[in-house]
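Let's take a friendly walk through this protein, one region at a time. Have the sequence and the 3D view ready as you read.

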Amino acid sequence: MNSKIEAAGEVFTYENKAKELSYIFNIKVNPFINKKKSVKCYKPKMNFECHPGPMNASVLFLGNNHRAFEVFKNPTPYDNPLDVRRSDRSFWQHIKDNPVSGRVEALIHAAGFSGILQCGYKYLDHALITALVERWRPETHTFHLPFGETTVTLQDVNVLWGLPIDGLPISGADSGMTMYAVRDKCQTVLGFTPEEAFVKGKRVRSARVLAQITSSNFSENEASDEDCIFRARQIIFYLIGCTIFPNNANNLIDVKFLDFLVDLPACSGYSWGGAVLALLYKNLCNATAPNAIAITGPVALLQVWAWERFRCFAPAVARFQYNAPLAARWKGSLTCTDVSTHCLRTYRSQLQSMTEATFNWRPYDDILGRLPDICRSGMAIWQSCCPLLCYAVVEHHYPQRVMRQFGMFQYIPNPIAIDHNEHARLHAMNRSGKTGWNWLSRHAPYVSQWEARHQNLVTGELTTSVGVANDYMSWYMQHTVLYVSNPQLSAGPTSGFQDEGARVQMMSETMGLIHRSEDVDVIHGAAYRALEMSNVPQYTQYPTHLSQEPVDLVSYPRTQRLSRQRRRARGGRNVEEAGPSNWGPNFETGGVRIRW
């Protein structure tokens, strides 16, 4: 009887301590009390909800018209990754079986495209590309991660693909052409005349160009100098249309690029790398639309950039000799024993809970001197704040937002130089219905800024460690979209990987709030709300395993049995590893293991 009276007194005392509180849940306080008591739990007067961000919209001014916001609201319609459109696999299979060498290779090198040829073909992880799209912000051209902004820069294009970046812009007039003019131009520059069925407007079907490359009985030993020039132009033209600048049409190449191939040595004097980066930015911006179902453009570059920077995503690679652009080390056999692939939930979770220490800010420092000269050809403008041009496309390069990638101290960046209306105009610009426009004159102010690229270099305080200004993270947290996944969504018995990254981030925020607060109501309420959003409110009643005493981790010695390591193969291998008829059905998306 005394025990029952004491237990009831404990409940009464606890209820009296919980003043002016509204949250009530049922617990069983004492085994002597058989029925559940309604006990008021300590909770502050304010209510905590998880805001995806930004809290201040002065930087990310486009609002909620973004794929990430829709994922936060309801992730179910966005469970599947974006489709990545490309059509160059057959070409790379042919190059694997018939390597380019001798005079043709020398011509391609003189034109500035030998690096792309050395990098070869790589499978694309659609889930990884999609997770990065959800972190991309069109206003800043950067990925917004929990620890700051990152992006693909001119340095990355130069080092990874070896393309020239410091040169004339890829732009000019969009003159009208008849089908017969297109056919004549192909004969003049490429050495063959496409049939009428393979010409559509000012574009030629890539299948016809590929057929010319693969079916012609070309022998370099017997070929004339003119034949070698035609061969080099055909290969470069195909690379431009299907690897460097693929578009939504996916199987058509615009003949406007033939003007740049007439003089192959002069071709290297253009900023092909700048145009690649402009189109990558453009396609990432387009893919952030909530109704987007696919992405195109040079996303193969984005994937190798992600593997270099996020090593937790990267497969293991074989030893690399550094005799080619850095992206070449990701072709061939890739081992994925310790990484997950093709799982969108996994990538979302890892990006959400990623810290500054897990991002590789300067992956090229130790190897840059060992790479070919073409990977350092544009070093003078790596840190240039300038517009990037490719005909109708104008996108801005903002290295001042990612100064840690250049070994500099990161300060709060200045506001974006263009106003909101101009930003919207540039993003809406396309070439449709604009025959006769000269884009060099239409974009004259931006062409002038590009010409002054050497005078617009971002400089700052060099540091041997990764550092930010004291006020940077406070500013950044107010202006970023922190959450893509919603930690408030109730957990259920779902299949597959369980995305807990948002809850890890939310718990970190809660601990920071508790650490800063001296208000007991805030501390108790924030702790309870965090546990509630994590679907474990019962932990308010459980004893803790955290101990202030030293933990004895001494174990008894015993013989450990070591098993032989096994390598897990991908669902599909890269083109360099596969035979001519061994393509797996899941080459791009992984899944079924294929025996070769």
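Leu389 stands opposite Val394 in strand 14. Strand 14 covers residues 393–397 and pairs with strand 13 (residues 386–390) in the antiparallel sense, over 5 bridges. Helices (H or I, at least four residues) and strands (E, at least two) are DSSP runs numbered from the N terminus, and two strands pair if DSSP finds at least two bridges between them. Strand 13 and strand 14 form a hairpin with 2 residues between them, and Tyr391 in the turn has a positive phi of about 55°.

Before going on, a word on the model: it is predicted, local features need pLDDT of at least 70, side-chain atom pairs count only at pLDDT 80 or more, and totals for chains, interfaces and linings use all residues. Residues are numbered from 1 along each chain as its sequence is written, and side-chain values use heavy atoms, leaving out hydrogens and water.

Is strand 14 mostly covered or mostly open? Mostly covered: 5 of its 5 residues are buried. Buried means under 20% relative accessible area, exposed means over 50%, and partly exposed lies in between (1.4 Å probe, protein chains only). Val393, Glu395 and His397 point one way from strand 14, while Val394 and His396 point the other way.

## Cysteines

How many disulfides are there by the distance rule? The count comes to 0, where a disulfide is a pair of cysteine sulfur atoms within 2.5 Å. Take Cys385: the closest cysteine sulfur, in Cys386, is 7.0 Å from its own sulfur, so the two are too far apart for a bond.

Cys385 counts as partly exposed because its relative accessible area is 28%. Cys343 is also partly exposed, with a relative accessibility of 23%.

Why does Glu308 count as buried? Its relative accessibility is 0%, so it falls in the buried class. Leaving aside residues up to four places away in sequence, Glu308 touches Leu160, Leu326, Arg329, Trp330, Asn360 and Pro363; contact here means heavy atoms within 4.5 Å.

## The nonpolar cores

A nonpolar core is a set of buried Ala, Val, Leu, Ile, Met, Phe, Trp, Tyr and Cys residues joined through side-chain atoms within 4.5 Å. The largest one has 131 residues, and those with the most contacts inside it are Phe91, Phe113, Trp272 and Phe310. Helix 12 (residues 272–287) gives the largest share of this core, 11 residues. Apart from it lies another core, of 8 residues, including Cys50, Tyr483, Ala502 and Ala530.

Look at Trp272: not counting residues up to four places away in sequence, its contacts include Phe113, Leu163, Ile240, Phe257 and Cys267.

Now find the open sheet, where 3 strands lie in the order 4-5-6 with antiparallel pairing. Its edge strands are strand 4 (136–137) and strand 6 (148–150), and each pairs on one side only. Strand 4 is joined to strand 5 (residues 142–145) by 2 bridges, and Arg137 stands opposite Thr142 in strand 5.

## The whole protein

Step back, and you can count 20 helices and 14 strands. Of the 596 residues, 51% count as buried. Among contacts between residues at least 6 apart in sequence, 76% join residues at least 24 apart.
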